[in-house]
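Me: I would like to learn how to read some features of a protein model. Can we take them one at a time?

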Amino acid sequence: MRIVVLAGGIGGARFLRGLKSAAPDADITVIGNTGDDIHLFGLKVCPDLDTVMYTLGGGINEEQGWGRTDESFTVKEELAAYGVGPEWFGLGDRDFATHIVRTQMISAGYPLSAVTEALCDRWQPGVRLLPMSDDRVETHVAVTLDGEKRVVHFQEYWVKLRASVDAEAVVPVGAEQARPAPGVLEALAAADVILFPPSNPVVSVGTILAVPGIREAVAAAAAPVVGLSPIVGGAPVRGMADKVLAAVGVETTAAAVARHYGGELLDGWLVDSADAEAVAEVEAAGIPCRAVPLMMTDVEATAAMARAALELAQAVRPRDTGAEDAR
């Protein structure tokens with residue numbers, strides 16, 4: 001079975017660990033969000049790609065869900081002693097090595113997709129990890145700070161400001177000019193199942209879909225597309241997704257996120273058991289829906305979520321797009 005997953009950072013990475021447990025023989029391709037990418041200290045940092053790579057490769061800091069295990073911060077401390085920032089973004093010493101290698105390879109002319117493949121040769125994540133694009137895309141957020149309207153990088157909004165002010169707009173800068181990375185459209189066309197994990201629907205999955213050609217490939221795929229709600233009981237399971245959902249006019253409910261993706265993309269939607277009343281609302285929008293436990297408390301619970309998504313994919317009728325005949 002060929003499974004394609006559009007994934008962000010922590011939520012996507014932990015879901016993938018459960019998916020690998022639920023479908024150990026599946027051929028899994030991950031299309032990773034690069035809108036969170038940022039240049040720091042002269043280095044290209046890819047938080048979501050690295051979180052997937054470290055999590056599936058056994059090097060993640062399990063407690064915080066990002067960064068390396070057994071990390072130290074000597075380089076960060078020395079940079080601060082020189083007055084070099086930003087101090088609000090914590091790169092550890094082990095993590096620095098990944099960014100140095102990535103930046104050296106890109107400077108030598110290798111595209112991000114080839115660099116990601118090379119980095120994964122070390123970590124052996126057990127999936128094919130593709131950046132959504134080799135082109136530079138950065139998610140920016142419009143805010144008002146001290147009475148002044150500003151646009152800040154998403155990392156500054158999320159990490160430094162902790163989403164303490166309202167997001168007035170979310171813009172994936174560069175997305176309109178970007179192209180899908182090699183292998184992305186081919187993987188979607190060849191998939192047996194496409195999954196939207198419980199990643200942020202605006203700045204993770206939404207940014208991936210903003211790259212021209214990817215949304216269209218998902219909509220045209222013969223494979224059923226099933227998503228898992230990142231909202232449980234009217235609140236994000238992790239992070240501050242409610243702030244960016246509000247910026248695009250979407251309520252913080254499981255049903256509203258399903259409608260945000262829409263029936264042109266989704267063939268099925270899973271909500272948490274706590275939101276069982278949302279099933280009828282989602283199905284009224286033309287999207288088959290089931291309520292199951294969606295809290296990723298451990299690998300076993302996450303694997304059960306993944307199995308439920310695959311079972312729903314089997315139950316829904318694939319769209320008649322003509323894609324099957326074109327394969």
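Me: Where is Ser204 found?
Reply: In this predicted model, Ser204 sits in the loop between strand 9 (193-196) and helix 8 (205-209).

Me: Is Ser204 buried or exposed?
Reply: The cut-off for buried is under 20% relative accessible area. Ser204 has 7% relative accessibility, so it counts as buried. Setting aside neighbours within four places in sequence, Ser204 is in contact with Gly8, Asn33, Asp48 and Ser199.

Me: Asp48 belongs to helix 2. How many residues of helix 2 are buried?
Reply: The count is 10 of the 11, so helix 2 is largely enclosed by the rest of the structure. The buried residues are Pro47, Asp48, Leu49, Asp50, Thr51, Val52, Met53, Tyr54, Thr55 and Leu56. Just after helix 2 comes Gly58, with a positive phi of about 85°.

Me: Which residues of helix 2 and helix 5 meet?
Reply: Helix 2 contributes Leu49, Met53, Tyr54 and Gly57, and helix 5 contributes Leu112, Thr116, Leu119, Cys120 and Trp123. By type, the residues of this contact are 7 nonpolar, 2 polar and no charged.

Me: Now helix 1 and helix 2. How do their axes cross?
Reply: The axes of helix 1 (residues 10-22) and helix 2 come within 9 Å, and the crossing angle is roughly 35°. This crossing is right-handed. Ile10, Ala13, Leu16, Arg17 and Lys20 of helix 1 make the contact with Thr51, Val52, Thr55 and Leu56 of helix 2. The residues of the contact of helix 1 with helix 2 divide into 5 nonpolar, 2 polar and 2 charged.

Me: What should I look for in the backbone?
Reply: Most residues other than glycine have a negative phi, and most peptide bonds are trans. Departures from either pattern can be listed. Asp146 has a positive phi of about 55° and is not a glycine. Arg162, also a residue other than glycine, has a positive phi near 55°.

Me: Where are Asp146 and Arg162?
Reply: Asp146 is in the loop between strand 6 and strand 7 (148-153). Arg162 is in the loop between helix 6 (154-160) and strand 8 (169-173). The cut-off for exposed is over 50%. Asp146 has 85% relative accessibility, so it counts as exposed. Arg162 is exposed too, because its relative accessible area is 53%.

Me: Which peptide bond is cis?
Reply: The bond from Gly85 to Pro86 is cis, with omega near 10°. Pro86 lies in the loop between helix 3 (74-81) and helix 4 (93-107).

Me: Last, a strand residue. What surrounds Thr139?
Reply: Thr139 lies in strand 6 (residues 138-145). With a relative accessible area of 0%, Thr139 is buried. Not counting residues up to four places away in sequence, Thr139 touches Gly35, Val152, His153, Phe154, Val170, Val171, Pro172, Val203 and Thr207. The side chains of Thr139 and Thr207 are also joined by a polar contact of 3.5 Å.

Conventions: Residues are numbered from 1 along each chain as its sequence is written. This is a predicted model: local features need pLDDT of at least 70, side-chain atom pairs count only at pLDDT 80 or more; totals for chains, interfaces and linings use all residues. Side-chain values use heavy atoms; hydrogens and water are left out. Helices (H or I, at least four residues) and strands (E, at least two) are DSSP runs, numbered from the N terminus. Buried means under 20% relative accessible area, exposed over 50%, partly exposed in between (1.4 Å probe, protein chains only). A polar contact is a pair of N or O atoms within 3.5 Å; within protein, one must be able to donate a hydrogen and the other to accept it, and residues adjacent in sequence count only if both atoms are side-chain atoms. Contact means heavy atoms within 4.5 Å. Ala, Val, Leu, Ile, Met, Phe, Trp, Tyr, Cys and Pro count as nonpolar, Asp, Glu, Lys and Arg as charged, and the others, Gly among them, as polar. Axes are lines fitted to C-alpha atoms, for helices over the stretch in contact, and angles run from 0 to 180 degrees between N-to-C directions. A crossing is left-handed if the near helix is turned anticlockwise from the far one by less than a right angle, and right-handed if clockwise.
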